[in-house]
Amino acid sequence: MAEAKPWDPASGPNAAGLLLGHFVASGLVTQEMLNISKKSTSCFVNFSRLQQITDIQAEIYQKNLEIELLRLEKDAADVVHPSFLAQKCHTLQSMNNHLEAVLKEKRSLRQRLLKPMCQENLPIEAVYHRYMVHLLELAVTFIERLEDHLEIIRNVPHLDENLKKMRRAQRVDLSRTVP
């Protein structure tokens, strides 16, 4: 059985409605007077406005996050592009083939490395041995650092772009941590 709800005008007449109807019928109050006094409560209007503002702000925040995600996808698109990945795959396959060849020739390489190379290919007078040792140390150091130096030289033209990417990533990281 449905209960009567005094706040619901569709549930039927209530005491306040009957009383106001009696006043209108007797002429004590006119319908215009009742219509004028029938204003919505301002706190509820403000509440609904605040709710709308909050919903709009949440939607704006969500759209900003989606825009940032799209920008990051655009920036990273060249890295995950199929041609770039195919090039990486090809490089890895060639390295793998080279390492397999090295493993197959492991025994012969070991024998060649164990065999002394001094006095076979490079006869040097005894007075110059200490200079040769120093020269070999310099050559080994140079060869060890050569790849690093070449990588630095290759990255110099892309330095500004890399700094922009790092700053952008830092901003994104900070925006995710700070609400």
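Predicted model: local features only at pLDDT ≥ 70, side-chain atom pairs only at ≥ 80, totals over all residues.
1. Ground rules. Residues are numbered from 1 along each chain as its sequence is written, and side-chain values use heavy atoms, with hydrogens and water left out. Local features need pLDDT of at least 70 and side-chain atom pairs count only at pLDDT 80 or more, while totals for chains, interfaces and linings use all residues.

2. Overall make-up. The chain has 7 helices and 0 strands (DSSP runs, H or I of at least four residues for helices and E of at least two for strands, numbered from the N terminus). Of its 179 residues, 2% are buried (buried is under 20% relative accessible area, exposed is over 50%, partly exposed is in between, with a 1.4 Å probe and protein chains only). The accessible surface comes to about 17,200 Å², and 63% of that belongs to carbon and sulfur atoms (Shrake-Rupley method, 1.4 Å probe; for residues, only the protein chains shown count as cover).

3. Helix H1. The 12 residues of H1 (residues 15-26) should span 16 Å, and the end C-alpha atoms are 17 Å apart, which agrees (the expected span is 1.5 Å times one less than the number of residues). Just after H1, Gly-27 takes a positive phi of about 90°.

4. Leu-146 is partly exposed at 32%, and together with Phe-142, Ile-143, Leu-150 and Ile-153 forms a nonpolar surface patch of about 490 Å² accessible area (patch residues have over 30% relative accessible area and no salt bridge; nonpolar side chains, meaning Val, Leu, Ile, Met, Phe, Trp and Tyr, are joined within 5 Å, like charges within 9 Å).

5. Salt bridges. The whole structure holds 6 of them (a side-chain nitrogen of Lys or Arg within 4 Å of a carboxyl oxygen of Asp or Glu). Arg-168 pairs with Asp-75, the closest N and O atoms being 2.4 Å apart. Arg-168 lies in H7 (residues 159-177) and Asp-75 in H3, so this pair ties together parts 93 residues apart in sequence.

6. Bridges within a helix. In H3 (residues 42-76), Glu-68 and Arg-71 sit 3 residues apart, about one turn, and their side chains meet at 3.9 Å, N to O. Arg-154 and Glu-151 of H6 are likewise about one helical turn apart, meeting at 3.0 Å. Salt bridges that share partners join Glu-147, Glu-151 and Arg-154 into one network.
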